[in-house]
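Here are my notes on this model, point by point. Please read them with the structure open.

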Amino acid sequence: MDVPTKAVETSINPPKDLDAGALFVLKSEGSWLHCGYHLTTSIVSPVLLSLPYAMGLLGWAGGVMWLALAALVTFYSYNLLSLVLEHHAKLGHRYLRFRDMATHILGPGWGRYFVGPIQLSICFGAVVASPLLGGQCLKFIYLAYKPNGSMQLYQFIIMFGVLMLFLAQMPSFHSLRHINLLSLILSLVYSACIAAGSIHIGSSRKAPPKDYSQSDGTNGIFSAINGLSIIATTYASGIIPEIQATVAPPVTGKMFKGLCICYTIIIITYFTVGISGYWAFGNGAQGSILSNFMAGDKPLLSSWFLLMSDIFILTQLAAVCLVYMQPPNEVLESFFADPKRDQFSVRNMVPRLIFRSLTVVIGTTIAAMLPFFGDFMALFGAFGCIPLDFILPMIFYNVSFKPSKKSLVFWINTTIAVVSSALAVVGTVASIRQMVLDAKTYRLFTNL
């Protein structure tokens with residue numbers, strides 16, 4: 001069956017040939033509410049469980065200040081990116097992908113050799129990290145009921161990967177809207193559980209000694225840089241144009257409403273988890289605050305409470321993985337699908353099934369082999385997320401709108417871009433340093 005490959009004609013979306021990736025994966029059929037669900041799932045994820053640890057690297061003043069400043073800067077940044085997209089849409093160029101946007105504004109080399117590879121690296125990194133974290137959640141549940149169990153981490157990672165094999169066949173970004181609404185609700189619920197658990201432990205007789213002191217010298221500096229990078233990464237998305245592409249035209253103002261939904265959830269979850277976790281455990285807060293809920297093999301909270309929280313986190317991880325699979329799916333479909341045939345024809349279904357399954361299998365295999373992949377994600381955050389979310393939106397706005405060099409907005413954008421560039425460089429150095437320090441513990445298929 002043949003299908004039209006023209007975009008709907010409107011005042012901001014003139015007819016244009018679309019490739020299969022844009023036509024099938026990035027369908028522009030959503031509302032601003034759907035946009036809010038997608039945005040929230042792309043940002044608010046179980047990575048926020050590392051916020052107490054990051055605050056421990058920065059201290060009370062530095063941690064709370066950077067948590068608030070990063071929220072303000074990223075909200076501003078994502079809104080600028082949306083305004084640039086709306087501006088070009090009104091001029092007759094609605095860009096559905098980050099790399100297309102970079103190509104038009106900065107030149108073809110930027111889209112093909114910088115933005116495209118970095119974005120796909122971040123997305124595939126999330127496809128690897130989700131089975132890893134999902135496997136850790138499953139192992140946590142297993143050990144809670146069978147403390148001396150012999151199953152290894154890689155087996156649980158494979159279990160999560162099998163689940164993702166089925167979910168990965170969701171046909172488009174827009175088709176995830178109900179899953180992402182559930183994800184939004186789950187993020188609120190498990191954040192409330194984590195905050196309540198932290199407060200309960202911190203005020204009980206089992207409370208660990210609270211140490212809020214900061215390291216001095218070189219170690220203190222690198223620790224602070226790592227803390228800044230971790231918090232910046234928790235606010236990262238990297239797929240804002242693809243999310244805006246799911247909105248039905250006209251798009252004006254819809255992304256801003258979606259961002260308001262997203263950042264309401266961010267403020268509720270990030271600050272409650274970060275502050276309560278750091279208050280309860282101080283510098284003893286671990287990379288995932290869930291680890292602090294165990295004292296050796298003994299849980300500090302009721303087993304049913306930990307199980308419930310873990311199931312919520314596990315379920316949301318699947319939604320996060322699906323969201324970050326969409327840009328790679330779009331690229332694969334643009335190569336292997338036929339836009340002139342129906343999306344659900346055998347001609348298009350077979351390549352979709354094969355290549356999406358391969359994406360999950362490869363990501364799950366890497367997660368099982370490299371359970372220390374979190375160290376690599378810190379590196380991706382420094383040289384990938386910061387440029388896409390903190391630097392390029394400022395450059396895109398200044399190039400597209402050409403504000404006066406005497407205007408406040410020009411200097412705000414320039415300052416954010418310059419400071420973020422410096423943070424990306426030092427964050428990359430700090431991440432590599434941490435990887436070198438941890439290298440002695442790296443083993444393939446390690447049972448962490």
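1. A disulfide is counted when two cysteine sulfur atoms lie within 2.5 Å. Keep that cut-off in mind for the next two points. Note also that this is a predicted model.

2. Start with Cys123. Its sulfur is 9.3 Å from the closest cysteine sulfur, which belongs to Cys385. The cut-off is 2.5 Å, so this distance is too far for a bond. Cys123 is also buried, because its relative accessible area is 0%.

3. How many disulfides does the rule give? The count is zero. Cys35 is in no disulfide either: the nearest cysteine sulfur, in Cys262, is 9.0 Å away. Cys35 has 0% relative accessibility, so it counts as buried. In general terms, a disulfide is a covalent bond joining the sulfur atoms of two cysteines.

4. The largest nonpolar core holds 109 residues. Those with the most contacts inside this core are Ile231, Tyr235, Tyr270, Phe293 and Phe396. Which helix gives the most to the core? Helix α3, residues 51–90, does, with 13 residues. Another core lies apart from the largest one. That core has six residues, among them Val128, Leu132, Leu153 and Ile157.

5. Look at Tyr270 in detail. Residues up to four places away in sequence are not counted here. Tyr235 is itself listed among the core residues with the most contacts.

6. Now Gly30. This glycine is found in the loop between α1 (20–25) and α2 (32–43). Is Gly30 buried or exposed? Gly30 is buried, because its relative accessible area is 6%, and the cut-off for buried is under 20%.

7. Which residues does Gly30 contact, leaving aside neighbours within four places in sequence? They are His174, Thr246, Val247 and Ala248. The C-alpha atom of Gly30 is also separated by 8.9 Å from that of Ala245. Along the chain, Gly30 and Ala245 are 215 residues apart.

8. Finally, the surface. Val346, Val350, Ile354, Leu358 and Ile362 form a nonpolar patch there. Together these residues have about 440 Å² of accessible area. Leu358 is found in helix α12, which covers residues 346–369. With a relative accessible area of 41%, Leu358 is partly exposed. That class lies between the 20% and 50% cut-offs.

Definitions and conventions
Residues are numbered from 1 along each chain as its sequence is written. This is a predicted model: local features need pLDDT of at least 70, side-chain atom pairs count only at pLDDT 80 or more; totals for chains, interfaces and linings use all residues. Side-chain values use heavy atoms; hydrogens and water are left out. Buried means under 20% relative accessible area, exposed over 50%, partly exposed in between (1.4 Å probe, protein chains only). Patches are made of residues with over 30% relative accessible area and no salt bridge: like charges are joined within 9 Å, nonpolar side chains (Val, Leu, Ile, Met, Phe, Trp, Tyr) within 5 Å. Accessible areas come from the Shrake-Rupley method with a 1.4 Å probe; for residues, only the protein chains shown count as cover. A salt bridge is a side-chain nitrogen of Lys or Arg within 4 Å of a carboxyl oxygen of Asp or Glu. Helices (H or I, at least four residues) and strands (E, at least two) are DSSP runs, numbered from the N terminus. A nonpolar core is a set of buried Ala, Val, Leu, Ile, Met, Phe, Trp, Tyr and Cys residues joined through side-chain atoms within 4.5 Å. Contact means heavy atoms within 4.5 Å.
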